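Hello,

Here is the structure I promised to pass on to you.

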Amino acid sequence: MKTVFRNLLIILIVLAAVATGVGFFHSRSPVRQGSTHIIYDQTGRKVQIPMRVNRVVTSMYPIATQIVFMLGAQDCLVGISDYDVNGVMKRIYPAIERIPRPTRSAGQEIGVEEILKLKPDLVFTHFRSNVDALSALGIPSVCLRLESPDALIEGILLTGKIMNREDRARQIVQYYRQKLSEIRKRTETIQQKKTVYFAGPSMLTTASGEHYQNFLIESASGINTAGESRGGWASISIEQLLKWNPDLIFIGNYGTARVGSFTGDSRLSDVAAVRRGNVFMSRFYIGSWDVPTPESILGIMWLAGKLYPEHIRFNMAEEMTYFYSTFYGYTPSSDEIEAVLAE
Amino acid sequence: MKTTRNYTTYLILFNLFVFTGSVFIGRYPISVPDILSVIGHVFDSDVAESHQLIHTVIFKVRIPRIMIAMVIGAGLGITGATFQGVFKNPLVSPYILGVSSGGGFGAALAILLCNDVIWIQLSAFVFGMIAVGLSLLTARLGFRMSTYTLVLSGIVVGSFFSAMISLLKYVADTYTKLPAIVFWLMGSLAAVNVRDMLITAPVTLICIGVLIMLRWRINILSLGSGQARELGLNTTALYVTIITCSTMIASSIVAVAGIIGWVGLVVPHLCRMIVGADHTRLLPASALMGSAYMLIVDDVARASVGQEIPLGIVTAVIGAPFFAYLLRRNQGGKG
């Protein structure tokens with residue numbers, strides 16, 4: 001009995017020593033060089049980060065990957081997710097395939113050890129739970145909240161500051177503000193704003209007032225029919241859709257709904273959008289233009305053109321060329337542009 | 001005795017009553033006189049321009065949805081009653097052999113892979129059937145097939161497919177695919193249209209017919225397979241027929257409407273209180289009661305607030321306390 005107890009004690013001591021050693025090693029490793037400064041992230045947290053950030057992980061938040069790209073800091077990406085690697089991204093930046101992917105798909109889960117192996121200076125994330133797990137390891141993490149165009153602008157400026165690319169960030173933000181205010185000015189005089197029904201995961205699942213799609217519709221000077229409701233996706237009935245009678249139906253291209261789901265449904269033939277042929281799928285290049293990514297500015301411009309063709313019409317092919325060549329250093333071919341914009 | 005003989009009449013009248021009431025309920029505001037005038041002119045070929053939309057709402061939106069809810073409720077009610085009899089276990093639901101988890105897995109898989117409505121329904125149906133097939137196979141691995149091993153293997157297969165659903169949810173894109181899967185699993189009639197029912201309705205109605213024809217034999221089975229064999233029944237063939245019919249019903253319902261829990265559990269209990277445990281009366285009663293119950297539940301889901309409430313939530317919120325009440329009442333009777 002006594003020996004068992006003694007052995008247990010020894011094992012415990014050894015474990016404690018190892019744990020302390022590991023903790024010491026890890027808490028030291030990230031802040032290994034240069035001085036640090038304090039920033040506030042989008043949740044208002046105070047974060048101490050290195051002056052020079054050269055290795056960042058964005059695997060939990062794909063939008064951060066896109067922002068880092070637009071800032072021209074893609075060489076600093078040391079950990080991304082599968083979500084970030086698709087055909088278009090491979091054309092834009094072939095080296096993306098060689099960047100390690102510590103998590104399979106973007107989300108709240110983090111592989112702590114996988115991330116440690118990458119020795120990041122900083123991790124961008126969206127989830128509070130990640131922050132706690134990472135700060136226990138001494139890795140600074142920055143929470144981004146990009147679920148509205150204003151927050152997206154703020155997030156780009158913050159990321160620019162962290163990555164020491166403030167000029168570039170200002171250039172991007174300038175573009176956003178200019179386009180948003182152009183839409184606002186041209187639609188200011190319109191008395192009767194048009195209503196938009198957004199179909200998300202399915203034909204009858206729509207975006208509530210707290211969703212990014214709601215802000216996207218508002219930025220295009222439309223009115224979201226479900227703007228009054230709260231919470232995430234809202235499921236509605238055919239009758240509700242008839243009651244709303246939207247001027248335009250806008251379909252996210254990741255759900256089960258298609259243009260034909262609305263135009264081919266005899267129950268909906270009296271809905272204004274169906275009668276006037278204003279049923280559109282969202283456009284898609286790197287990602288869908290209706291989810292909170294930097295690209296969504298193109299989605300806003302495109303939607304505004306569909307809503308108020310007499311007042312505002314962007315030349316979307318030119319806008320696409322400008323946007324991707326300026327901010328991604330890649331000029332889409334005319335075939336690519338045609339594929340994106342084709343009805 | 002007269003009341004039990006007339007229960008069918010009463011239940012049919014109840015169904016008619018709920019049906020009529022449901023026509024007047026909905027999110028699109030229509031005044032009662034308008035509804036009556038549209039219904040009054042149903043056979044006139046030219047509907048007044050002003051009444052065109054009301055006509056659409058009543059005849060293309062409300063009444064089809066009411067019929068869909070009734071067919072689905074009848075199917076879930078009768079399979080619940082059948083399974084509870086065949087498995088001699090009052091806690092069994094139509095989903096005990098893994099139909100719902102299998103169907104859910106099939107749907108989630110299709111949502112991830114191609115996201116097309118037809119494929120989602122087909123995949124849900126096929127995987128629902130596969131799950132029940134696996135339950136039957138697993139049960140046969142045992143010493144000999146009994147209803148007891150069947151229920152256990154159903155639980156095993158169900159858990160396996162639930163784990164597979166979790167896996168698919170884990171790898172699904174958080175912004176887009178995951179909500180689609182979650183909504184699907186909660187069940188809804190909002191997106192079901194008449195075209196979806198072209199297969200489900202005939203399958204359900206035919207299988208309900210077969211089960212009602214077999215109701216005498218289900219009575220004998222509920223005494224135990226030993227006794228049934230003594231009476232000269234081919235029990236294995238009977239089990240297979242009954243399980244196949246019930247699975248066809250449950251699977252085709254899961255394929256179009258998602259997982260609607262509790263109906264198949266609560267309705268047979270409710271009916272047993274009214275008509276007794278005799279399956280010759282219990283089965284038709286469960287079908288009729290199921291259709292009325294589902295219709296009421298769906299009225300709440302579609303008309304109470306602006307958003308559709310997922311049916312799975314409504315059935316559980318109404319079903320769970322109600323079931324507890326029934327249990328307590330039955331206990332009181334015995335004690």
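Below is what I found, starting with the contact between the chains and then moving on to single residues and their partners.

Some ground rules first. This is a predicted model, in which local features need pLDDT of at least 70 and side-chain atom pairs count only at pLDDT 80 or more, while totals for chains, interfaces and linings use all residues. Residues are numbered from 1 along each chain as its sequence is written, chains are lettered from A and ligands numbered from 1 in the order in which they are written, and side-chain values use heavy atoms, with hydrogens and water left out.

**Where the chains meet**

Chain B brings 35 residues to the contact and chain A brings 30 (contact means heavy atoms within 4.5 Å). The buried area between them is about 2800 Å², with 56% of it from carbon and sulfur atoms; this is the accessible area, taken with a 1.4 Å probe, that two parts lose on being put together, summed over both.

Two salt bridges are counted between chain B and chain A (a side-chain nitrogen of Lys or Arg within 4 Å of a carboxyl oxygen of Asp or Glu). R62(B) forms a salt bridge with E239(A), and the closest N and O atoms are 2.7 Å apart. On the chain B side, α4 (52–86), α6 (117–141), α7 (147–171) and α8 (177–186) each supply at least two of the residues that touch chain A. Helices here are DSSP runs of H or I with at least four residues, strands are runs of E with at least two, and both are numbered from the N terminus. The biggest giver is α4(B), with eight residues.

**Chain A as a whole**

Chain A has 14 helices and 12 strands. Of its 343 residues, 57% are buried (under 20% relative accessible area; exposed is over 50% and partly exposed lies in between, with a 1.4 Å probe and protein chains only). Among the contacts in chain A with a separation of 6 or more, 62% are between residues 24 or more positions apart.

**Salt bridges within the chains**

Over all chains, the structure holds 16 salt bridges. One of them joins R186(A) to E182(A), with the closest N and O atoms 3.1 Å apart. Both residues lie in helix α7 (residues 166–187) of chain A, four residues apart, or about one turn of the helix. R186(A) is partly exposed at 37% relative accessible area, and E182(A) is also partly exposed, at 21%.

E210(A) pairs with R230(A) in another salt bridge, at 3.8 Å between the closest N and O atoms. E210(A) sits in the loop between β8 (205–207) and α8 (212–219) and R230(A) in the loop between β9 (223–224) and β10 (233–235), so the pair ties together parts of chain A that are 20 residues apart in sequence.

In chain B, R65(B) forms a salt bridge with E308(B), the closest N and O atoms being 2.8 Å apart. This pair links distant parts of the chain, with R65(B) in helix α4 and E308(B) in the loop between α14 (279–303) and α15 (311–334), 243 residues apart. Both residues are buried.

**One more residue in α4(B)**

Q84(B) lies in helix α4 of chain B and is buried, with a relative accessible area of 4%.

Best wishes
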